[in-house]
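My entries are below, in the order in which I looked things up.

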Amino acid sequence: MDSRPWRQARASGTTPASLIGPVRRGRRLRIEYDSPRESCPRDLIVDPYGLLAKAGIWYLVADCARAPRMYRRERITTWKEVDQPRRIRENQTLATVAAALIDQWEHEHAIEVSATLDQTQIERAQRIFGQRLVPDDHEESATGHKVTIGFLRLDDVRALLPFGSAITVHGPIEARAHLRDLATNLAHHYAPSPTS
């Protein structure tokens, strides 16, 4: 069985097997976590519920300062067992915490983009955006389909760039402006160099 996603290298970092012992013993962990949103790795004390494998990726599910979190295994650069029992929230389990976090990731978003997507790209968009893409069943033509796509942050609309002119974003205005800026920067980056 190979649960890795297609076209991805084997992940490095902490192995799931190395974390099983402290998780089973119910110990706190001190982890160094290299988040893509931070400029340098953070040192965190976490209270683990367990390990979760989702879509070929392993996560450590834990509370950090009593707030539930999922930490991608390969981004845990180092870890150490703390000589203290974990302090998990009452009536919470690995299953309940993981389910709540997954539901939050799949359904919560700060910005909703309204767009028309070429009919030929609907399946591709559904594979990429999953439940964040909601087709408007009343707005369909032979060439395009009206959709709404949810994003957590404005900068996440950059995920629409690979669709090129196969997508037309109608709103909000900030999303259109951000895509225009991203595309302009990309065009300048690949502009021919002036000859001397």
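Entry, salt bridges. I counted nine salt bridges, taking a salt bridge to be a side-chain nitrogen of Lys or Arg within 4 Å of a carboxyl oxygen of Asp or Glu. I note that this is a predicted model, in which local features need pLDDT of at least 70 and side-chain atom pairs count only at pLDDT 80 or more, while totals for chains, interfaces and linings use all residues. I also note that residues are numbered from 1 along each chain as its sequence is written, and that side-chain values use heavy atoms, with hydrogens and water left out.

Entry, Glu81 and Arg25. I looked up the salt bridge between Glu81 and Arg25, and found the closest N and O atoms 2.7 Å apart. Glu81 belongs to strand S5 and Arg25 to helix H1, so this pair ties together parts that are 56 residues apart in sequence; helices (H or I, at least four residues) and strands (E, at least two) are DSSP runs, numbered from the N terminus. For accessibility I used relative accessible area, with buried under 20%, exposed over 50% and partly exposed in between (1.4 Å probe, protein chains only). Glu81 is partly exposed at 28%, whereas Arg25 is exposed at 52%.

Entry, Asp47 and Arg28. Here too I found a salt bridge, with the closest N and O atoms 2.7 Å apart, and it links distant parts of the chain, as Asp47 is in strand S2 and Arg28 in strand S1, 19 residues apart. Asp47 is buried, with a relative accessibility of 3%, and Arg28 is buried as well, at 14%.

The salt bridge of Glu74 with Arg72 has its closest N and O atoms 2.5 Å apart, and Glu74 is partly exposed at 22% relative accessibility. I then noted that salt bridges with shared partners join Arg25, Arg27, Glu81 and Asp83 into one network.

Entry, helix H1. Which residues of H1 are buried? In this helix, residues 16-25, I found Pro16, Leu19, Pro22 and Val23 buried. Seen down the axis of H1, these buried residues fall within an arc of 125° (taken from the directions from the helix axis to the C-beta atoms), so they line one face of the helix. The buried residues pack against strands S1 (27-33), S2 (42-54), S3 (57-64) and S5 (76-85), where contact means heavy atoms within 4.5 Å. On the other side of H1, Ala17, Arg24 and Arg25 are exposed. Just after H1, I found Gly26 with a positive phi of about 70°.
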